[in-house]
Amino acid sequence: MQSLQFSPIVAGTMTWGIWGKNLTTQQMTQLITDCVANQITSFDHADIYGDYTTETAFGKAFKESNINRNDVQFISKCGIQLPNVNRHTTVKHYQYSKTYIIESVTNSLKNLHTDYLDVLLLHRPSPLMQAEEIAAAIDILISQGKIKAVGVSNFSNTQTALLHSEIDIKVNQLEFSLTHNEAMLNGSLDYMQTNQILPMSWSPLGSVFKLDNEQTQRIKAVASSLAAAYNTTVDGILLAWILKHPAGIIPVCGTTEIARLKTAIAVTSIKMDLQDWFKLWEASAGHEVA
Ligand SMILES: NC(=O)c1ccc[n+]([C@@H]2O[C@H](COP(=O)([O-])OP(=O)(O)OC[C@H]3O[C@@H](n4cnc5c(N)ncnc54)[C@H](OP(=O)(O)O)[C@@H]3O)[C@@H](O)[C@H]2O)c1
């Protein structure tokens, strides 16, 4: 398996299409071009985004950008099946059969106009998943050059270990932010460091801009007081907090605003002061550390 290289900030495409901003092809092409011009070369997808439409919308826009495929990295996921008349699915469920995984990747490649994914992530753990069967699909996809590497998403340590016995798991993409920081307390990030698994954090801004409550007000107050000193914004401070963790977490940023993506990339050169990091954690927890 080849070594994995991602940009220090990954652009998440979940809300680029009909699940959010509903960008036109031209707007998407511009956003992809702006990302790449600002050193954001890795793009996070999933088969299900936009009810199975966003990969296709992105693929069309990427083709129009004329950017060389070798200059970008595509992450996509499979395993969640949404209820969908065309797919004959009547209940949301997880599907990890060998045939399904291969079919899903083949579709993603077609949608994205590419020959390979840089990494395929298994989107959510299923109680029914079988490591040997998944490994058989992965072996075929890797030997055919359709995926360069495989990872998981939202997997616990034991679920990752179950697959790791059969498959070289390279990434775990999980929810991690100042407001959702369980992964640094429940052993997940330690496990990833011990096993050379690259952590990516989805929703890296957590609930800070989504909810207005005592926790987010405390965080905003502290982050605002620090922003000027670090020459950044509140969202920049939230990302810098994640980037200080020694596991080398890559934030998957969901904004479609290029100014915010520029802030994110600028923040990768910030070295947050130790006590500032703890001030932010204290603001999140609502009390000092023990
Ligand atoms: N593996 C998984 O299970 C999983 C689950 C969920 C998501 N993901 C991935 O993670 C990516 C990011 O997820 P996310 O969108 O929840 O993450 P996020 O980056 O934490 O949040 C982005 C949202 O925050 C808003 N925002 C950013 N800065 C702001 C500010 N200063 N003030 C107010 N609002 C601000 C953005 O709005 P604007 O667009 O207007 O800037 C956008 O709606 C997704 O695109 C997807 O690729 C993966």
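**Burial, salt bridges and ligand surroundings in a predicted model**

At a relative accessibility of 2%, Ser 108 counts as buried, where buried means under 20% relative accessible area, exposed means over 50%, and partly exposed lies in between, as judged with a 1.4 Å probe and protein chains only. The structure is a predicted model, in which local features need pLDDT of at least 70 and side-chain atom pairs count only at pLDDT 80 or more, whereas totals for chains, interfaces and linings use all residues. Residues are numbered from 1 along each chain as its sequence is written, and side-chain values use heavy atoms, with hydrogens and water left out.

Ser 108 belongs to helix α4, which covers residues 98–112; helices (H or I, at least four residues) and strands (E, at least two) are DSSP runs, numbered from the N terminus. When its neighbours within four places in sequence are left aside, Ser 108 is in contact with Asp 47, Glu 55 and Ser 76, contact meaning heavy atoms within 4.5 Å. With Glu 55, the side chain of Ser 108 makes a polar contact of 2.9 Å. A polar contact is a pair of N or O atoms within 3.5 Å; within protein, one atom must be able to donate a hydrogen and the other to accept it, and residues adjacent in sequence count only if both atoms are side-chain atoms.

Burial was also examined in helix α10. In this helix (residues 258–267), the residues Leu 261, Thr 263, Ala 264, Ile 265 and Val 267 are buried, and the elements that cover them include α1, α9 (234–243) and β10 (250–253).

Side chains of opposite charge can pair when their charged atoms come close. A search of the whole structure finds 6 salt bridges, each defined as a side-chain nitrogen of Lys or Arg within 4 Å of a carboxyl oxygen of Asp or Glu. One of them joins Lys 21 and Glu 257 at 3.9 Å, N to O. This pair links distant parts of the chain, since Lys 21 lies in the loop between β1 and α1 and Glu 257 in the loop between β10 and α10, 236 residues apart. Lys 21 is partly exposed, with a relative accessible area of 47%, and Glu 257 is likewise partly exposed, at 38%.

In another salt bridge, the closest N and O atoms of Asp 118 and Arg 69 are 2.9 Å apart. Asp 118 lies in the loop between α4 and β6 (119–122) and Arg 69 in the loop between α3 (54–65) and β3 (73–78), so the pair ties together parts that are 49 residues apart in sequence. Both Asp 118 and Arg 69 are buried.

A further salt bridge, between Asp 276 and Lys 279, has its closest N and O atoms 3.5 Å apart. Both residues lie in helix α11 (residues 274–285), 3 residues apart, which is about one turn of the helix. Asp 276 is buried, with a relative accessible area of 10%, whereas Lys 279, at 44%, is partly exposed.

The ligand is surrounded by 26 residues, of which the closest are Lys 21, Asp 44, Ser 203, Thr 255 and Arg 260; a residue is counted here if one of its heavy atoms lies within 4 Å of the ligand. A polar side-chain atom of Gln 173 is 2.9 Å from a nitrogen atom of the ligand, and a polar backbone atom of Gly 254 is 2.9 Å from an oxygen atom of the ligand.
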